[in-house]
There are 2 protein chains.
Amino acid sequence: MRLGNIDIPRDTCQLVGNILGRVGDKWSVLIIVLLRERPMRYSELERQIETVSKKMLTRTLRNLERDGFVSRTVTPSIPPRVDYQLNDLGREVMVPLDELARWALSNKDRVVEARLRYDATQDEKE
Amino acid sequence: MRLGNIDIPRDTCQLVGNILGRVGDKWSVLIIVLLRERPMRYSELERQIETVSKKMLTRTLRNLERDGFVSRTVTPSIPPRVDYQLNDLGREVMVPLDELARWALSNKDRVVEARLRYDATQDEKE
């Protein structure tokens, strides 16, 4: 399999696909973008990303922590305080992620139009 | 919410996150990368991506078609022949997607190490 001019063995490709799937995930992107501003508490992230469920937020944060993009600091106060911040890896992935996000931002109308067209043809079939 | 120097309204951000989640999806990336070489039949894609289930391949192709990245051509032979190829949008998204994939390829060992470290701390807790 090839990416640009690079030949990639299949198992590497699966891993790269897996990493892409992680950072490209809707909630992960939003979390990384938010944490770039400053470290945030769990409750702040939850408030900022309105539409995310606790289950998905917890799962996404755990995956980002496991992959080394984000670190989690627990302050043993009462109640305990949990802060999340970007690691080096998280700050570095922002560069290509930004490019992709800019592309998505510039081309979102084309995607929305394509969806409307597609859905219209599906309606015709019914 | 901000991406680089661009301020983004919340609803746009959700849409961009949604588009990113789509193209950043593991199977979508693999399909887009494969189709960049040449148009392919369903069965070829299935053979190339070994580990994908029919259900996931069908669903991913349908989403890529709906979003305008891929087009599907049915040749009414017996049995019918179904070809998939990249549209303009799919070729254009390859540029930033390539950057992200290159990043993932260069940094995959750091992610794998982070995962091993994380999993080791989880084992300790048990």
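Helices (H or I, at least four residues) and strands (E, at least two) are DSSP runs, numbered from the N terminus. This is a predicted model, in which local features need pLDDT of at least 70 and side-chain atom pairs count only at pLDDT 80 or more, while totals for chains, interfaces and linings use all residues. Residues are numbered from 1 along each chain as its sequence is written, chains are lettered from A in the order in which they are written, and side-chain values use heavy atoms, with hydrogens and water left out.

**View 1. The elements of chain A.** Chain A holds 5 helices and 5 strands, and along the sequence these follow the pattern β-β-α-α-β-α-α-β-β-α. Of its 126 residues, 44% count as buried, where buried means under 20% relative accessible area, exposed over 50% and partly exposed in between, with a 1.4 Å probe and protein chains only. Among contacts (heavy atoms within 4.5 Å) in chain A between residues at least 6 apart in sequence, 43% join residues at least 24 apart. Chain A exposes about 6700 Å², of which carbon and sulfur atoms supply 49%; accessible areas come from the Shrake-Rupley method with a 1.4 Å probe.

**View 2. Helices H2 and H4 of chain A.** The axes of H2 (residues 26-37) and H4 (residues 54-66) of chain A come within 10 Å and cross at roughly 70°, the axes being lines fitted to C-alpha atoms over the stretch in contact, with angles running from 0 to 180 degrees between N-to-C directions. The two helices, H2(A) and H4(A), are therefore roughly perpendicular to each other, a term for angles of 65 to 115 degrees, whereas angles under 35 count as roughly parallel, over 145 as roughly antiparallel and the rest as oblique. From H2(A), A:Trp27, A:Ser28, A:Ile31 and A:Ile32 meet A:Met56, A:Leu57, A:Thr60, A:Leu61 and A:Leu64 of H4(A).

**View 3. The axis relating chains A and B.**

**View 4. B:Arg115 and chain A.** B:Arg115 lies in helix H5 (residues 88-125) of chain B and, at 11% relative accessibility, counts as buried. Not counting residues up to four places away in sequence, B:Arg115 touches A:Leu15, A:Asn18, A:Ile19, A:Arg22, A:Arg66 and A:Asp67.
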